[in-house]
Amino acid sequence: MAFTLMFHIILVPIGVALPTIMLIANYKGLRRDDGVALTLARRWSHAAGLTFAVGAVSGTVLSFEMGLLWPGLTGTYGDVFGLPFAIEGIAFFCEAILVAIYIYGWRRLRPWTHFWLGVPIPFVALAGAFSIISANSWMNTPAGFTIGPDGTPTDVDPIDAILNDALPYELSHFVLAAYMAAGFTVASVYVVGWLRGRRDRYHRLGILIPLTVAAIATPLQFIVGDTIARWVANNQPAKFSAMEVVTQTGPDQPEIIFGRYDPESNTVAGGIRIPGLNSFLTGGSRDTVVPGLDAVPPENRPSNVNIVHWAFDVMVGVATLLVLLVVWFALVYWRRRDIPRSRLWLWVAAASGVLTYVAIEAGWIVTEVGRQPWIVYNLTRTEEAVTNADGVWTSFTIVVLLYLVLGAGTIVTLRAMSRRWRRQGVEDTTAPYGPRPLAEVES
Amino acid sequence: MTAADGVAVVLVLAVTLFAWSGLADYGAGFWDLVAGGRERGRRPRELIDVAVTPVWEANHVWLVFLLIVCWTGFGIAFASLMSTLFIPLSLAALGIVLRGSSFALRKDAAREGRRHLVGLLFGAGAVLTPFCLGAALGAVMAGRVPVGNAAGNALTSWFNPFAGTVGCLAVAVGAFLSAVYLVAEARRRGTPELQGYFRVRAVAAGAVGLVLGVVALVALRAVQRQMFDRVVGRSAILIVLGVVALGATLVLALRGAVHGLRVVAAVGVAALVWSWAVAQYPYLLPFRLTIAEGAGAAVTQRWLLAWAVVAMVTVLPLLIVLYVLDQRGDLGEDGFTHSG
């Protein structure tokens, strides 16, 4: 399951955020009568369509796995937290239809009709993200029920469960991450072309449009991320202690970068320590008391503190680098209306797509591994929810192999598409909206 | 009728819709698999490709709806099913990945050799998934799924003559429906020889399906007499309706009709699905767990019903838009990515 999710989480940001970027290019193309922008929008829609199709497959497998792997979760709490998945079902259905119309409508629909048919896509994508994140945040802050005398949930209120406490934090964090990932990933593809000397208007626009989206999302993400960290410190202290490897509760906590945690003795060896910074970041002063792992009974401590902590540091590190990248970009663009010329900037920008994904996977590890040993926070342990069926490891191996093939296939196909596009050049023989000339449409 | 009964009806509706659309997609995959060598099978494969590509994702969603409604409405039943039938349902998921990914990727795989290879993978998934889903259904009907986390036998629950026959029946039903749809599709695209090609296959699949249905009934009588009595008792009318519709489809097909063929075939398949549902009512897991016992909180059931209404209100207009645009010829392969 974890593996399928890690795969799925690569596709989701593209499905959520790429349609917006593609519609911006589409709008620009129609407004300014800009063929290059239209070509970009058209190509991005095909990339989005492909990832969307693969995402549909891995999403279906995920809904199987909810039962195949976690009967203890769906069996006990299905009626509490199942509703958001049902909402996602609708959102996904709408998105599938709209994406199909958009992709297959390039040739013959009227230009603005086509554009407006695409406009709902980002909104249904957001509705889908809302519901799935709601289900996940429910696992962190379970709500909408009370545990009855026999240990099963009673007084169920699925709406309270959907609108649980962690939802606004997780949702804003995720949506911004999606826009960053899609923006940086698309831009980095064209930065690579730029570095190889293809410095035409096509590549310039291909960098500027998505990078601007990412540049807006990144600083916002920094603020949201900081807010969330403090929220976690107050609401899921065990997870926070693991993220920052705080061993003893108390004031004046150092910020430890990397290092090695020893669960036996509850101590940290190595790493870079910045005195007092952790307390300062958590509460604004060095006197702030930060919760430590000593406050949690050993059997309830996150099972793998090192993974959580390292993942957290990687995520924050990447985010810091990306903030520097977009600040540099913003300054240069403000002064010269151009992409920075520095090789260093271009190299980092070329890597930014991969880096965002590293950060997303790391962030996912922080929230999921950091919640262990609980699957539903403070209520159900993961081992209580897992299936008793044999052969889980066999099927896990098959799933991993299959997804490696699927992932490789997706990349090969995307690359084949890109090579074909490069051969075709920017001015296409099959112009969009071709068979009906614009003049006829206007009259 | 309680809200939980309503949700059970929604569940059976989702099964029906999946049988009409998703199962038929798998059937099309089956015909793709047996279409013969690269040259000989080119034309039917092309028709299958253009017919299924725009709709397969949407058709898939019914299955996802089915799973979600099941675990939200009847969590205990879902957990019992998924853990006891771990093997066939995992294999069904495997088939979905094979089929879906090859469909997603085949369109853009440039070289024809690679395309052919991907098509073979697609075919394997197209048989695996309906068979396993059918076998799982057979296990439920035969009362082999007890309540609890992996409480039933992981192998014999579904690996037995009755469940196996139901699995084969599911494959045949998919193949039958898709052949019928493809006859109409061939006509719409003006390819008379393909019309004949799929007409023969529709008749063959229908005949095989009829035989398998009889075998399944005989097997059911042997393994689960109580359920057999219910099927031939209170579901008798539906069974008769199904057989009549199947017969009508065969007659229409042999006489060369196209109009009404799809509708009659779909009615027959729906009658089959509902004969199962009616026979099993009010049990979720026959003779062990009723709808009332397996239902989650009542408020959730009511929300699920509201959800079902919202789903219809939002999805149907969009489907109509898609359908209208498609029929007006406003939608077409972009050409632009696949021309290389």
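Biologist: What should I know about the model before we start?
Modeller: It is a predicted model, in which local features need pLDDT of at least 70 and side-chain atom pairs count only at pLDDT 80 or more, while totals for chains, interfaces and linings use all residues. Residues are numbered from 1 along each chain as its sequence is written, and chains are lettered from A and ligands numbered from 1 in the order in which they are written.

Biologist: How many helices and strands does chain A have?
Modeller: Chain A has 16 helices and eight strands. Helices (H or I, at least four residues) and strands (E, at least two) are DSSP runs, numbered from the N terminus.

Biologist: And chain B, how many there?
Modeller: Chain B has 14 helices and two strands. Its radius of gyration is 20 Å, close to the 20 Å that the globule rule gives for 340 residues, so chain B is as compact as a globular protein of that length. The radius is taken over C-alpha atoms, and the rule is 2.2 Å times the number of residues to the power 0.38.

Biologist: What are the spans of chain B along its principal axes?
Modeller: The C-alpha trace of chain B spans about 55 × 40 × 35 Å. For chain A the spans are about 75 × 50 × 40 Å.

Biologist: What share of chain B counts as buried?
Modeller: Of its 340 residues, 57% are buried. A residue is buried if 20 or more other C-beta atoms lie within 10 Å of its own, exposed if 12 or fewer, and partly exposed in between, with C-beta atoms placed from the backbone. In chain A, 51% of the 443 residues count as buried.

Biologist: Which residues have the most contacts inside the largest nonpolar core?
Modeller: They are B:Leu66 and B:Val69, in a core of 269 residues. Such a core is a set of buried Ala, Val, Leu, Ile, Met, Phe, Trp, Tyr and Cys residues joined through C-beta atoms within 7 Å. Helix 2 (residues 35-68) of chain A gives the most to this core, with 19 residues.

Biologist: What does B:Leu66 touch?
Modeller: Not counting residues up to four places away in sequence, B:Leu66 touches B:Leu11, B:Ala14, B:Val15 and B:Phe18.

Biologist: Is B:Ala93 buried or exposed?
Modeller: B:Ala93 is buried, because 25 other C-beta atoms lie within 10 Å. This residue lies in helix 6 (residues 86-106) of chain B. Not counting residues up to four places away in sequence, B:Ala93 touches A:Val61 and A:Phe64.

Biologist: Finally, how many residues of helix 2 of chain B are buried?
Modeller: That helix is mostly covered, with 11 of its 12 residues buried. Among them are B:Tyr26, B:Phe30 and B:Trp31.

Key:
Two residues are in contact if their C-beta atoms, placed from the backbone, lie within 7 Å.
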